[in-house]
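Subject: Structure handover

Hi,

Here is the structure I promised to pass on. Please open it first, then read my notes below.

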Amino acid sequence: MTNDLEAIRKGKILMLAGTDLAGKDLAGADLAGADLSQANLSGANLAGANLQRAVLRANLRGADLTGADLRGADFRNADLRGAAFANALVRDASFGGAFLTGASIGNLDLSGVDFRGADLRGANLARAILYSADLSHANLSGADLSGADLEEAILNGAVLRGANLTGANLLCATIEQTVWDGALLDRACLQGTPLSL
């Protein structure tokens, strides 16, 4: 597997669907456009990896994606519980239906990212830029969205029960049938948002 890992790191093997790479060190790997659907990457070190446009509908539970290039990556229905995303490039990625409970994705530019139906319970999204992000029907119960920029974000049918939105910018956000029970909205900007709690 050592030779295979080196070939994977260099981007020589990109068809990796169903591969078991749990706990493997793939830091800095060039996996742009790789097919990692159904792969086991739980606990894998993908720090600084190039995963642009990669298909990552996989088990990434507890994976380290620190500083990884994830632009345009497909994480739909992936298990990303407890994954670390510090300093990652995430624009235009798709997380529809993904499991991100407890994930740390704060301080990131998530503009235009698709989180439709994602499970973001207890996730750290503090100070994240979610401009025009689609969070329709996402579960954000107990999530930390303090200081987050949700301008023009789509929150239709989202669950924000007990979420911390202190100081968040919700300017012109779309919020039809959004559940706000127990959400903290201190100093939140709600201008242009038809909020009726």
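**Gln 177**

Gln 177 sits in the segment after helix 1. Please keep in mind that this is a predicted model. Is Gln 177 buried or exposed? Gln 177 counts as exposed, at 70% relative accessibility. What does Gln 177 touch, once its neighbours within four places in sequence are left aside? Gln 177 is in contact with Gly 157 and Ala 158. Leu 14 is another matter. Gln 177 and Leu 14 are 163 residues apart along the chain. Their C-alpha atoms are separated by 42 Å.

**The whole protein**

Now the overall picture. The protein has one helix and zero strands. Along the principal axes, the C-alpha atoms fill a box of roughly 60 × 20 × 20 Å.

How much of the protein is buried? Buried residues make up 48% of the 197 residues. The protein exposes about 8,400 Å². Carbon and sulfur atoms supply 45% of that area.

The contacts deserve a look too. Take the contacts between residues at least 6 apart in sequence. Of these, 0% join residues at least 24 apart.

**Charges and salt bridges**

Next, the charges. The protein carries 16 positive and 22 negative charges. The mean positions of the two sets are 5 Å apart. Side chains of opposite charge can pair when their charged atoms come close. How many salt bridges does a search of the whole structure find? It finds eleven. Here are some of them.

Start in the helix. Arg 9 forms a salt bridge with Glu 6. The closest N and O atoms of this pair are 3.0 Å apart. Both residues belong to helix 1, which covers residues 2-9. Arg 9 and Glu 6 are three residues apart there, so about one helical turn separates them. Arg 9 is partly exposed, with a relative accessible area of 25%. Glu 6 is also partly exposed, at 34% relative accessibility. The pair is part of a network of salt bridges that links Glu 6, Arg 9 and Lys 10.

Then go further along the chain. The side chains of Arg 57 and Asp 74 meet in a salt bridge, at 2.6 Å from N to O. Arg 57 and Asp 74 each lie in the segment after helix 1, so the pair ties together parts that are 17 residues apart in sequence. Arg 57 is partly exposed, with a relative accessible area of 33%. Asp 74, at 11% relative accessibility, counts as buried. The cut-off for buried is under 20%.

Asp 119 and Arg 121 meet through their side chains in a salt bridge, at 2.7 Å from N to O. Asp 119 counts as buried, at 11% relative accessibility. Arg 121 counts as partly exposed, at 42%.

Now the backbone. Which phi value does Glu 152 have? Phi of Glu 152 is near 60°, a positive value in a residue other than glycine. Glu 152 lies in the segment after helix 1. Glu 152 is partly exposed, with a relative accessible area of 35%.

Cys 172 is the other case to check. Phi of Cys 172 is near 60°, again a positive value in a residue other than glycine. Cys 172 is placed in the segment after helix 1. Its relative accessibility is 40%, and Cys 172 counts as partly exposed.

**Leu 190**

Last stop. Where is Leu 190 found? Leu 190 is in the segment after helix 1. Leu 190 is partly exposed, with a relative accessible area of 27%. Compare its place with that of Ala 173. Leu 190 and Ala 173 are 17 residues apart along the chain. Their C-alpha atoms are separated by 8.2 Å.

**In brief**

- The protein has one helix and zero strands.
- The search of the whole structure gives eleven salt bridges.
- Among contacts between residues at least 6 apart in sequence, 0% join residues at least 24 apart.

Best wishes

Technical notes
Residues are numbered from 1 along each chain as its sequence is written. This is a predicted model: local features need pLDDT of at least 70, side-chain atom pairs count only at pLDDT 80 or more; totals for chains, interfaces and linings use all residues. Side-chain values use heavy atoms; hydrogens and water are left out. Helices (H or I, at least four residues) and strands (E, at least two) are DSSP runs, numbered from the N terminus. Buried means under 20% relative accessible area, exposed over 50%, partly exposed in between (1.4 Å probe, protein chains only). Contact means heavy atoms within 4.5 Å. Accessible areas come from the Shrake-Rupley method with a 1.4 Å probe; for residues, only the protein chains shown count as cover. Lys and Arg count as positive and Asp and Glu as negative; His and the chain ends are not counted. The place of a charge is taken as NZ of Lys, CZ of Arg, CG of Asp or CD of Glu. A salt bridge is a side-chain nitrogen of Lys or Arg within 4 Å of a carboxyl oxygen of Asp or Glu.
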